[in-house]
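Hello,

Here is the structure we spoke about handing over. My notes follow below it.

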Amino acid sequence: LLNITYEELKALLAKSKDLILIDVRETDEVNKGRIPRSTHIALGTVETAFKMSPEDFQATYGIPKPALDAPELVFYCRSGKRSAEAISKARELGYVTARNYTGSYLDWSRREG
């Protein structure tokens, strides 16, 4: 599994316009706080979402559907477990470069205060 650290994610948030950050937690968790620039796609809908046509994906999530080889596709959840699951689903659909922010929101909120 390709992992990404807090420091690497911070750098991408600061400099990359290509970062696609996917939050796979449930709505009630997202409502309590999220990483800036993230898009919410709950774990249970990841497979459906990434099978959508680019038009439907854009209409549903408000961002362009990532390319299969998107260089900066990062998933996170609360602690890194669900995002790892989401990545295996994404990989099965051909998203080979998807990375997991292993610290996920617990790590982010601890460091960001």
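**Serine 104 and its surroundings**

A polar atom of the serine 104 side chain lies 2.8 Å from the backbone oxygen of tyrosine 101. Please keep in mind that this is a predicted model.

Serine 104 belongs to helix α6, which covers residues 104-112. The phi angle of serine 104 is positive, at about 50 degrees, although the residue is not a glycine. With a relative accessible area of 0%, serine 104 counts as buried, because the cut-off for that class is under 20%. Not counting residues up to four places away in sequence, serine 104 touches Tyr76, Cys77, Arg78, Ser79, Gly80 and Ser83.

**Serine 83**

Serine 83, one of the residues that serine 104 touches, sits in helix α5 (residues 81-92). Serine 83 is also buried, with a relative accessible area of 0%. Its side chain makes a polar contact with the side chain of asparagine 100, at 2.6 Å. Leaving aside neighbours within four places in sequence, the residues in contact with serine 83 are Val24, Phe75, Tyr76, Cys77, Asn100, Tyr101 and Ser104. Two of the names in that list, Tyr76 and Cys77, are also among the residues touched by serine 104. Tyr101 is in the list as well, and the backbone oxygen of tyrosine 101 is the one that lies 2.8 Å from the serine 104 side chain.

**Two loop residues**

Arginine 37 is located in the loop between α2 (27-31) and β3 (38-40). Arginine 37 has a positive phi, near 70 degrees, and is a residue other than glycine. Its relative accessible area is 42%, so arginine 37 is classed as partly exposed.

Proline 71 is in the loop that runs between α4 (54-61) and β4 (73-76). Is proline 71 buried or exposed? Its relative accessibility is 56%, and the cut-off for exposed is over 50%, so proline 71 counts as exposed. The C-alpha atom of proline 71 is separated by 7.7 Å from that of aspartate 18, and the two residues are 53 apart along the chain.

**The protein as a whole**

The protein has six helices and five strands, which follow the pattern β-α-β-α-β-α-α-β-α-β-α along the sequence. The radius of gyration is 13 Å, close to the 13 Å that the globule rule gives for 113 residues, so the protein is as compact as a globular protein of that length. Taken along the principal axes, the box filled by the C-alpha atoms is roughly 40 × 30 × 25 Å.

Of the 113 residues in the protein, 45% are buried. Serine 83 and serine 104 are among the buried residues. Among contacts with a separation of 6 or more, 60% are between residues 24 or more positions apart.

The accessible surface comes to about 5900 Å², and carbon and sulfur atoms account for 53% of that area. As for charge, there are 17 positive and 16 negative side chains in the protein. The centres of these two sets lie 4 Å apart.

Regards

How values were computed:
Residues are numbered from 1 along each chain as its sequence is written. This is a predicted model: local features need pLDDT of at least 70, side-chain atom pairs count only at pLDDT 80 or more; totals for chains, interfaces and linings use all residues. Side-chain values use heavy atoms; hydrogens and water are left out. Helices (H or I, at least four residues) and strands (E, at least two) are DSSP runs, numbered from the N terminus. Buried means under 20% relative accessible area, exposed over 50%, partly exposed in between (1.4 Å probe, protein chains only). A polar contact is a pair of N or O atoms within 3.5 Å; within protein, one must be able to donate a hydrogen and the other to accept it, and residues adjacent in sequence count only if both atoms are side-chain atoms. Contact means heavy atoms within 4.5 Å. The radius of gyration is taken over C-alpha atoms; the globule rule is 2.2 Å times the number of residues to the power 0.38. Accessible areas come from the Shrake-Rupley method with a 1.4 Å probe; for residues, only the protein chains shown count as cover. Lys and Arg count as positive and Asp and Glu as negative; His and the chain ends are not counted. The place of a charge is taken as NZ of Lys, CZ of Arg, CG of Asp or CD of Glu.
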